[in-house]
Structures are given as C-alpha cells and as structure tokens.
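Please look at the sequence and the 3D structure shown here, and keep both in view while reading the report.

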Amino acid sequence: MNANQFLKAVEQLQGWRQTAFLLALAERAFPNYALFSDAIGAKAGGKMRQLLDTGWNLFEDKATENHIPQLLAKLESLSPDVDAYDAYGVYPAFDFCRLLEEALLSRLNPSKHRALEASGIATGTVMNFITFSEGEGLDEDEIVRLLDSHPLMKEDKMFQRDLILSLKRQRVPKERYIAELRALSANDGVSNLGITLADDEPEA
C-alpha cells in the first residue's frame with residue numbers, strides 16, 4: 001500500500017470502522033497523556049483511562065451513546081491547556097485528547113469524516129517529537145531525511161497501515177475482534193513516541 005493508496009483507504013473509512021480507527025490511534029497515544037499527567041502531579045491518568053475504556057465499550061453498550069456529550073465534557077475538563085505549561089510533554093498529551101475527542105464525536109455524528117485528520121494528528125505527534133528531540137541544529141533537508149529514516153516514523157506508518165488493512169477485512173465489529181484491536185493498539189503500553197509508563201518508574 002503506497003502513500004496515495006493509504007490516504008484513499010483512510011478517506012473511505014466509515015461507521016464503526018472509522019470509530020475503531022480513531023480509538024486505536026488514541027489507545028496508542030494514551031501513555032503520552034498519562035506520563036505528562038504524572039509529571040505535573042495531576043494524577044488524571046486513571047480518569048482518562050476510564051474515559052478511553054468507555055469509548056471502547058461503546059461497541060458493546062449502545063446505551064452509553066446517550067452519555068457521549070457528558071463524556072466529551074469530562075474529556076475537556078481533563079485536557080491540558082498547552083499555553084499553561086512550558087514542558088514539551090503537554091503537546092503529545094493534548095494530541096491524545098484530540099484523538100479521543102474525534103473518536104467520541106464520530107460515534108455521536110458518524111456521517112462526518114474524521115479519520116484523515118486524526119491520522120495526521122497521530123503522525124504529527126511523532127514528527128514533532130523527533131524534530132524537538134533530535135532536530136536541533138539541522139536544516140530543513142536534514143530534518144526531512146531524519147524523519148524519513150526514523151524508526152518511530154516507520155512504526156507509526158506500519159501501525160496505521162496495518163490498522164486499515166485489518167479494518168477493511170473485518171465485516172462486523174465482533175467482541176473478540178475489538179479486543180484484539182485494543183491489544184494491538186495498546187502495544188504493551190508503549191506509545192507512538194516509544195515511551196511507556198514504566199519509563200516513569202524508578203529502577204529497582
């Protein structure tokens with residue numbers, strides 16, 4: 001699947017497939033939020049984890065759809081203000097919140113296409129992180145080469161393409177399939193930036 005084929009496939013996502021795609025992107029980005037929350041002492045990771053789980057549970061509990069406006073309000077209250085912090089981590093944390101918001105909105109209004117923008121948000125998180133952490137002193141061409149060859153960029157691309165291919169093959173959102181998708185997206189707790197909550201724990 002080349003770049004044009006990928007973009008076309010993302011644009012064609014509809015209904016439950018789009019929601020699943022958005023939730024998967026949010027799931028992969030969740031450690032970025034949890035680590036930032038811990039770093040600033042907010043300890044909001046648990047509440048956000050519950051919110052993300054509720055998003056996934058929409059596939060099983062249709063009644064929860066009535067509470068989506070409340071979930072969106074809670075998400076807004078837990079989202080960091082990027083202008084209020086000097087730490088770089090606020091940006092990946094906020095990107096996660098945008099992805100989860102798109103996922104919840106897609107369930108509330110499934111006719112609006114959101115997958116392409118969300119795909120860009122997720123990839124942008126990785127690009128900006130690489131540029132911030134490794135791009136100092138590089139000119140524009142060198143940054144392009146850095147991004148083209150970087151393992152995190154390759155992993156993000158592979159993850160999103162594998163998601164698309166998997167969703168295209170699946171006819172209905174069976175419980176077992178959604179569980180497998182969640183596990184794939186969680187990536188053993190490693191985010192799209194290659195960081196994990198374990199990184200924040202003191203060594204034994």
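Predicted model: local features only at pLDDT ≥ 70, side-chain atom pairs only at ≥ 80, totals over all residues.

## Pairs of packed helices

Two packed helices are described by the angle between their axes and the distance between the axes.

| Pair | Angle between axes | Axes | Crossing |
|---|---|---|---|
| H1 and H8 | about 55° | 10 Å apart | left-handed |
| H3 and H5 | roughly 30° | within 10 Å | left-handed |
| H2 and H8 | roughly 150° | within 10 Å | right-handed |

The pair H1 and H8 brings together residues 3-11 and residues 151-169, and their axes pack at an angle of about 55°, so H1 and H8 are oblique to each other. On the side of H1 the contact is made by Ala3, Phe6, Ala9 and Val10, while H8 contributes Gln160, Arg161 and Ile164. Sorted by class, this contact of H1 with H8 holds 5 nonpolar residues, 1 polar residue and 1 charged residue.

Helix H8 also packs against helix H2, which covers residues 15-39, and here the axes cross at roughly 150°. Angles over 145 degrees count as roughly antiparallel, and H2 and H8 are therefore roughly antiparallel to each other. From H2, the residues Trp16, Arg17, Ala20, Phe21, Ala24, Leu25 and Arg28 meet Phe159, Gln160, Leu163, Ile164, Leu167 and Lys168 of H8. The residues of this contact of H2 with H8 divide into 9 nonpolar, 1 polar and 3 charged.

What is the direction of H3 relative to H5? Helix H3 spans residues 45-57, and its axis crosses that of H5 at roughly 30°, which makes H3 roughly parallel to H5. In this pair Met48, Leu51, Leu52 and Gly55 of H3 meet Phe96, Cys97, Leu100 and Leu104 of H5. The contact of H3 with H5 is made up of 7 nonpolar residues and 1 polar residue, with no charged residues.

## Two buried residues

Alanine 26 is part of helix H2, and its relative accessible area is 0%, so alanine 26 is buried. Leaving aside its neighbours within four places in sequence, alanine 26 is in contact with Leu52, Phe96, Leu99 and Leu100. Of these, Leu52, Phe96 and Leu100 are also named in the contact between H3 and H5. Although alanine 26 and serine 185 are 159 residues apart in sequence, their C-alpha atoms are 8.4 Å apart in space.

Is arginine 107 buried or exposed? Arginine 107, which is found in helix H5, has a relative accessible area of 13% and is therefore buried, since buried means under 20%. When its neighbours within four places in sequence are left aside, arginine 107 is in contact with Thr19, Leu58, Phe59, Lys62, Glu65 and Ile68.

## A histidine in a loop

Histidine 113 is found in the loop between helix H5 (90-108) and helix H6 (115-134), and because its relative accessibility is 34%, histidine 113 counts as partly exposed. Not counting residues up to four places away in sequence, histidine 113 touches Val10, Glu11, Gln12, Leu13 and Gln18. Its side chain reaches the backbone oxygen of valine 10 at 3.5 Å, and the side chain of histidine 113 also reaches the backbone oxygen of glutamate 11, at 3.4 Å. Histidine 113 and glutamate 76 are 37 residues apart in sequence, and from C-alpha to C-alpha they are 21 Å apart in space.

## Two residues with a positive phi

Most residues other than glycine have a negative phi. Asparagine 187 is not a glycine, yet it has a positive phi of about 55°, and phi of aspartate 188 is likewise positive, with a value near 55°. Asparagine 187 is found in the segment after helix H9 (175-186), and aspartate 188 is found in the segment after H9 too. Asparagine 187 has a relative accessible area of 29% and is therefore partly exposed, whereas aspartate 188, at 78% relative accessibility, counts as exposed.

Terms used:
Residues numbered from 1 in each chain as written. Heavy atoms only, no water. Axes fitted to C-alpha atoms, helices over the stretch in contact; angles between N-to-C directions. Helix = DSSP H or I, 4+ residues; strand = E, 2+ residues; numbered from the N terminus. Parallel < 35°, antiparallel > 145°, perpendicular 65-115°, else oblique. Left-handed = near helix turned anticlockwise from the far one by under 90°. Contact = heavy atoms within 4.5 Å. Nonpolar A, V, L, I, M, F, W, Y, C, P; charged D, E, K, R; others polar. Buried < 20%, exposed > 50% of the residue type's maximum accessible area, 1.4 Å probe, protein only. Polar contact = N/O pair within 3.5 Å; in protein donor to acceptor, adjacent residues only side chain to side chain.
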